[in-house]
Amino acid sequence: MSFAIVGFGDSHVGSVRDTNEDALIVDAKWGLYAVFDGMGGASAGDVASNKARDVVHEYVRARRSAMQPRPLLEAAINAASAAVHAEAQRRRDRRGMGTTAVVCLVDGRRATIGHVGDSRAYLLRDGRLHRLTNDHTIVAELVARGAINADEADRHAYKNVLSRNLGAKATAIVDVNEIELIAGDRLLLCSDGLYGYASNEAMHQLVGSTDGAGDVVRDLIDAALRGGGGDNVTAILLDAGGKSMPRATVVLRTSGAGAWWARRDRLLIAARHHGIHRSPLCAVLRPDEAIGLVAGNFADAVYHDLEKATSVNVWSFAENLAVGWLGQNGAWMAMRELLDGLARAADQVIGELRSEDRGLAALVESAIARALVTAETAVGGVLAERLKLAEAELVRLESDRSRRQRSEAAASPQRFLDQPTVPFMRAVAPPPEVPAPDVQLLLEAARRRALARPAAATTDRTLYTRAIDHAHQVASASSDGGDAALAARELFDVRALDEAGLAPLYDALDAARLAHVDAVRAVPGAPGGRVAALRRLAAAYQRLSGTIASLIVESVAPTAEQLREAAAQTTRLGERVSKNERRIADLERKFATIIDDELPGGLRYELGIERPGARPRIEPPAGPPRRRPSKETMR
Amino acid sequence: MSDLGERVAVLRDEILDVVEGGREDAPAEAIFEAIVRTLSAGMETALGLDLTLHDAVARRLAWGDTEEAILADADLVFTRLARAAQRALRDPDEEMLVLEAAADVVCSTARILGLAAVSRAGRDRAATLREEMAQRRLKEALSEQDRNLKRLETDVAQSDFQ
């Protein structure tokens, strides 16, 4: 059975700009979907994005059957970059123009996504929205390098400055992802006008709804416009595996929303009946104002959510309410009672609807229940944020206190200082120390006992003995790093780098560790001493295993490097082949032009001029036999 | 969950440092959870057969974390847990159990990572071979194109002359 992909895309100029500099491709025949976001003054942005769109579209159509998706995508985007760059060089008023690109090529279940710039691709799978692309902006790269954190990035002056685009240079570095689609997946391609103005929650809710791709795309654009619409908005949504829309959603979007809206006034009356206006949240409002503001806004939010099959509006309603109330240190209980009051008022309205249409009432009831859960979650989110802030403040206070104590202790070294115990421990390794004499004796006894134990038949006895000796040596040493590294190298020895070569080593290490731990438990001694010995032994085995794994990683590192070099060499050869292809095509065109210019139509066939390459010779149309032309005729 | 597993589980935020870092999905979480699982099962799990740990490590590698980063996480969890257990557990036998479980899990993690690195190297070698084969084919195509180009250039030059 074929794997159906249903795609829909749309673009909007936005609320602020005059021209739409975004461009998109939705071509189900070739499985090609793309979003371009142009930039550059004097209306050059739309020239760049349209040019890139045309080049990518044409390139993919011409070579779709001849090339694999990944190289094809890279080559197509590079060709677009070269074309935009050439156009920018040709005209002074278009200097500096460029465009972003996020291009998806679908082949069966496999989607290959190439991108340059800050247009994004998202994947909805199992209800979670994953971002598939990293923005190529200066700020994103600073965050990746750890130079700034996410909060600083949001406020950074260069947050919209791209580090890569199509058109700045003739070639572009393209990031390519490949994913295997499964039925129910949704892929979203969009420009920054969408994710910059619609909240992540809104996008998640809309893409995760059961609506068809067309409805979702329109709702996404609508969400960005309601968020300000300060940029052009473009979105393409792909449904993998032909997702069908449940009937209930359709009924709710139409009849459900209508029925709810028709009862808006009833809800306000019920809200008054349940005392919404007496809530502490409405203390400064007159009763009518309170009902209109709280119950009225709730009714509107639920209506819009029913109509669009999302929970975005109810989420915003509850979040605004919670931020306002909890921000002025309002009690959570009052918030809780207000939401309960709204729930009871909604119940009353649904009860009236039930007497008219039982089925519709059941649907609306479940939708309202979902809306109320969303509202609770939104309030919970605000509470969590406040809790996080309080915790951060506690951490800061605790750090300040510790710092102050340390500096005071340094100033007066004789003073006794309690070790901080809870709750924020630092990952500082304990200072290296020689084990106490009793612990050293215990370690010796445990080593002898472990060595005396018979190893399992499948374990290499020599390796087992060496592992116990090395672990003992590391556990008894005063410094950890160097001894562990040396011991690990000796244990690793010369070894085949495959599972058969490594398994005996790890088996022996595991057997030695278990025997050693059992031996520590069995040797006579004070419990405290045994714990100290085991602490050192456990750490020794952990360091040995970790160092051996690091050695393996280090040993196999050249293979990855060789692969990278080989792949780069293949790419270079591929580029030379493509370049030659273009050169051959140019020469063929030139040759054809010469023939056409020099000879009158049809005569070249009669003259028997050989055409180059493997093109079949086209016979002239049947007609009366012609004479070979004289020189005068040819002139 | 056993009593000891529960008591170690409450050390989670401290060991993973999620309070200060503010991350809900700490990278080392899978390793810590595996230790808690081992303790909860009363140390009766088969050695190295914690498939959830295998999955978690494989997932992190698939998402692009390096083996070194995961090893560093395991090291961090072990060090912090050893210190936290020393402070939080009064019974020496319990502390020994925790140390044993922690060593078991971090050694398993190291083993998984070592074998994963070897498998990756095998795949890389196979991919390198495929690249070399592709290069051979491309070189053949290049020589064929060179021949065609020469012929075309000659044809065009002759046509210009005519």
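**Close-up views of a predicted model**

**View 1. Contact of helix 14 and helix 17 in chain A.** From helix 14 of chain A, Leu442(A), Ala446(A), Arg449(A) and Ala450(A) meet Ala515(A), His516(A), Ala519(A), Val520(A) and Ala522(A) of helix 17 of chain A. Sorted by class, this contact of helix 14 with helix 17 of chain A has 7 nonpolar, 1 polar and 1 charged residues. The structure is a predicted model. Helix 14 covers residues 437–452 of chain A and helix 17 covers residues 499–522; they pack at an angle of about 125°, and their axes are 8 Å apart. Helix 14 and helix 17 of chain A are therefore oblique to each other. The crossing of helix 14 past helix 17 of chain A is right-handed.

**View 2. Contact of helix 1 and helix 2 in chain A.** Helix 1 (residues 44–63) and helix 2 (residues 69–90) of chain A pack at an angle of about 140° with their axes 8 Å apart. An angle over 145 degrees would count as roughly antiparallel, so helix 1 and helix 2 of chain A are oblique to each other. Their crossing is right-handed. Residues of helix 1 of chain A in this contact include Val47(A), Ala48(A), Lys51(A), Val55(A), Tyr59(A) and Arg63(A). On helix 2 of chain A, the residues they meet include Leu72(A), Ala76(A), Ile77(A), Ala80(A), Val84(A) and Glu87(A). The contact of helix 1 with helix 2 of chain A has 15 nonpolar, no polar and 3 charged residues.

**View 3. The open sheet of chain A.** Five strands of chain A form an open sheet in the order 1-10-9-6-7, with antiparallel pairing. Strand 1 (5–12) and strand 7 (128–131) of chain A are the edge strands, each pairing on one side only. From one strand to the next, the twist averages 20°. Strand 6 (residues 120–125) and strand 7 of chain A are joined by 4 bridges in the antiparallel sense. Leu123(A) has His130(A), in strand 7 of chain A, as its bridge partner.

**View 4. Helices on the sheet of chain A.** Helix 6 (residues 200–207) of chain A packs on the sheet and touches strand 6, strand 7, strand 9 (186–190) and strand 10 (233–240) of chain A. The direction of helix 6 makes about 120° with that of strand 7 of chain A. Helix 7 (residues 213–226) of chain A lies across strand 1 and strand 10 of chain A. Helix 7 runs at about 30° to strand 1 of chain A.

**View 5. The loop at Asn329(A).** Asn329(A) sits in the loop between helix 11 (312–327) and helix 12 (332–356) of chain A. Its phi is near 60°, a positive value in a residue other than glycine. Asn329(A) has 7 other C-beta atoms within 10 Å and is therefore exposed.

**View 6. The contact between chain A and chain B.** Chain B contributes 59 residues to the contact and chain A contributes 61 residues. On the side of chain B that touches chain A, helix 3 (18–21), helix 6 (67–88) and helix 7 (92–161) of chain B each supply at least two residues. Helix 7 of chain B gives the most to this side, with 40 residues. By class, the side of chain B that touches chain A has 29 nonpolar, 9 polar and 21 charged residues.

Note on methods:
Residues are numbered from 1 along each chain as its sequence is written. Chains are lettered from A and ligands numbered from 1 in the order in which they are written. This is a predicted model: local features need pLDDT of at least 70, side-chain atom pairs count only at pLDDT 80 or more; totals for chains, interfaces and linings use all residues. A residue is buried if 20 or more other C-beta atoms lie within 10 Å of its own, exposed if 12 or fewer, and partly exposed in between; C-beta atoms are placed from the backbone. Two residues are in contact if their C-beta atoms, placed from the backbone, lie within 7 Å. Ala, Val, Leu, Ile, Met, Phe, Trp, Tyr, Cys and Pro count as nonpolar, Asp, Glu, Lys and Arg as charged, and the others, Gly among them, as polar. Two strands pair if DSSP finds at least two bridges between them. Axes are lines fitted to C-alpha atoms, for helices over the stretch in contact, and angles run from 0 to 180 degrees between N-to-C directions. Angles under 35 degrees count as roughly parallel, over 145 as roughly antiparallel, 65 to 115 as roughly perpendicular and the rest as oblique. A crossing is left-handed if the near helix is turned anticlockwise from the far one by less than a right angle, and right-handed if clockwise.
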